[in-house]
Amino acid sequence: MIPKIQKRGQRTLGLLYYLYGPGKHEEHTDPHLVASWDSNAPDPGRDESVTLKQLQQLLDQPLENIDASERPKKHVWHLSVRNAVEDRILTDEEWRDIARRMVAAAGIDDPEQGPGCRWVAVRHADDHVHIVATLVREDGYKPDLNNDAARVQAQARILEAELGLRRLNKGDGTAAKRPTSAERHKAVRQGRERTAREELRETVRRAVAGAMSETEFFDRLAAAGLLIRKRVAPSGDLLGYKVALPDDRNKDDEPVFYPGARLAPDLSLPRIRERWATDDQAPVPAVPTARPAPGGPAAARRRATSAAWTAVLGVEHGDDAVAATYIAAAGEVLDALAKTSAAHTRRELRDAAFAFERASRSHVRAVRGHDRALRQAARDLVYSGPALGRGEDGATTAMAIDMLFFLITAAIHWHAKKGHAQQATAARQAAEHLRAAYQAAAARPLGALHQRGRHLGRPLLQRHTGMLREILPELAEQILTEPGWYALAATLTDAESAGHDPAVLLAEAAARRELDSAGSVSDVLVWRLRRAADLPADSTGIMVGGHGTQRSTNRMQQPAREHSVSDGRRK
């Protein structure tokens, strides 16, 4: 439940005309009173003989009882109370009780405090009401409205619990502005999944991801099809920008432009410029936008995995400014990964990036420079091009998502420790979407590893089992019962065939970070081992032997690697 006190006004009648009218975009339906100061105010929405002028005169009557010199210049108090989209539709009776408790909490009309102000509550939509009050009490005194905003917020938290509504966390002023009711209705009429404001925010964030200059940033916005207006000082310096969707028009058929700062606090031009500076604030030279990332999508995903691992350590062990920097840059990697992902993971990754946007900002300001590896990883993802949903592209996508899940989990813990309730909640939502994306991305490569692991010789499986119990005695039995155990056994075999000591690799992988919180310990170890040993993430080009593995000689099945595995090599 979101109560919002609007700016005070001077014209009660003008506000009533708006509340009872069709709305700016025909979004108002069945406007009517649900409550009033005396429970007996006439309702122009239900009684055709009652006019808005009559209702206004009744509301403003206390003004006539005091000298003109004592009347407040702005006597109209306006509070909107809105529920979350996913909340149930409340009855008029429930909204009546909400309105009474809100005006009491604000100090407008509290029966325990004596005479109150006159007020009405108007409902013209399923999800919200508007409360209009005249700021002179029946006894001629002015109401005590000190801290009225904080008081109605506190009352909202109580009402959420009592009515079973979504529990909103207290904000810190760093959230992006929510779409207005008019914007949401307009999106529905136009058949948009999201409002224009939300689409623009997502597009601008993707344009920022890994960008290293203003030219590159604006080129990306133009390539995405946005209309752009730049604000230039008389000196020629660029001060800011606005963007619009070509088909989002106002009543005069003009594009509706949004300044970057109105999309999100960190999308203003000065805040974006902070990302393009190193530790000493020297500008980072731009790389030509047409240059592809080396190694293609699979290599870009491996680099993103490595950068994310470094960021996990930074969030967990760095100071607050460093942690905030890594968390902000994690949002860029998510945006870039969602933009370049295959169809079967794209929706969940897009939703993960959309949710994490709120978690990427707090009052702890990022110190740019520490995030260069993550921002470069985001850049590589963008310029590596779209990834396939199969082969090495698909497998390394699963590898990257797995590590990003750990990074987002570290962000959840950091925000929770700092008391950032909204950010922690947003990061949890992002983690759930990442989990779903991982399951879609990992099914094929882990399935192939699982099949290979099941066909390993019994002596080899027994040897791997004994090694597992020796190195990870507390987790061994859990791992052996997980579906991913055979994929881990196949990976240990691949590492040995590539000339590594699987026991050493397993010990190092397990020591890098605690594993108790992992949904599947075996899955985590598979990706850590394959990355540490530089093994192909996709194993479809590897054939099973009686005691080990060998790589197929079919060149079309060989993913690019820095060093190859000799065919038929055994340990």
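Okay, let's start with a word we'll need: a residue is buried when its relative accessible area is under 20%, exposed when it's over 50%, and partly exposed in between, using a 1.4 Å probe and protein chains only. Take Arg197: at 4% relative accessibility, it counts as buried.

Before going on, two notes on where this comes from. This is a predicted model, so local features need pLDDT of at least 70 and side-chain atom pairs count only at pLDDT 80 or more, while totals for chains, interfaces and linings use all residues. Residues are numbered from 1 along each chain as its sequence is written, and side-chain values use heavy atoms, with hydrogens and water left out.

Back to Arg197, which sits in helix 6, residues 196-208. Helices here are DSSP runs (H or I, at least four residues), strands are too (E, at least two), and both are numbered from the N terminus. What does Arg197 touch? Contact means heavy atoms within 4.5 Å. Leaving out residues up to four places away in sequence, Arg197 touches Lys177, Arg178, Pro179, Glu183, Tyr258, Arg262 and Leu263. Then there's Arg184, 13 residues away along the chain, with 9.5 Å between the two C-alpha atoms.

Now the whole chain. It has 20 helices and 10 strands, and buried residues make up 54% of its 571 residues. Look at contacts between residues at least 6 apart in sequence: 71% of them join residues at least 24 apart.

What about the inside? In soluble globular proteins, nonpolar side chains tend to be buried together. A nonpolar core, for us, is a set of buried Ala, Val, Leu, Ile, Met, Phe, Trp, Tyr and Cys residues joined through side-chain atoms within 4.5 Å. The largest one has 89 residues, and Phe356, Leu434, Ile479 and Trp527 touch the most other members. Helix 14, residues 391-418, gives the most to this core, with 14 residues. Phe356 has contacts beyond four places in sequence that include Ile327, Leu334, Ile408 and Ala430. Apart from that core lies another, of 41 residues, with Ala41, Leu52, Ala99 and Val132 among them.

Helix 14 also holds Thr409. Buried or exposed? At 13% relative accessibility, Thr409 counts as buried.

Last topic: helix pairs. Helix 10 (residues 296-317) and helix 13 (residues 372-384) pack at about 165°, with axes 9 Å apart. Axes are lines fitted to C-alpha atoms, for helices over the stretch in contact, and angles run from 0 to 180 degrees between N-to-C directions. Helix 10 and helix 13 are therefore roughly antiparallel; the cut-offs are under 35 degrees for roughly parallel, over 145 for roughly antiparallel, 65 to 115 for roughly perpendicular, and oblique for the rest.

Compare helix 16 (residues 458-471) and helix 19 (residues 502-511): about 40°, axes 10 Å apart. That makes helix 16 oblique to helix 19. Here Met467, Leu468 and Ile471 in helix 16 meet Pro502, Ala503, Leu506 and Ala507 in helix 19. By class, that contact has seven nonpolar, no polar and no charged residues. For the classes, Ala, Val, Leu, Ile, Met, Phe, Trp, Tyr, Cys and Pro count as nonpolar, Asp, Glu, Lys and Arg as charged, and the others, Gly among them, as polar.
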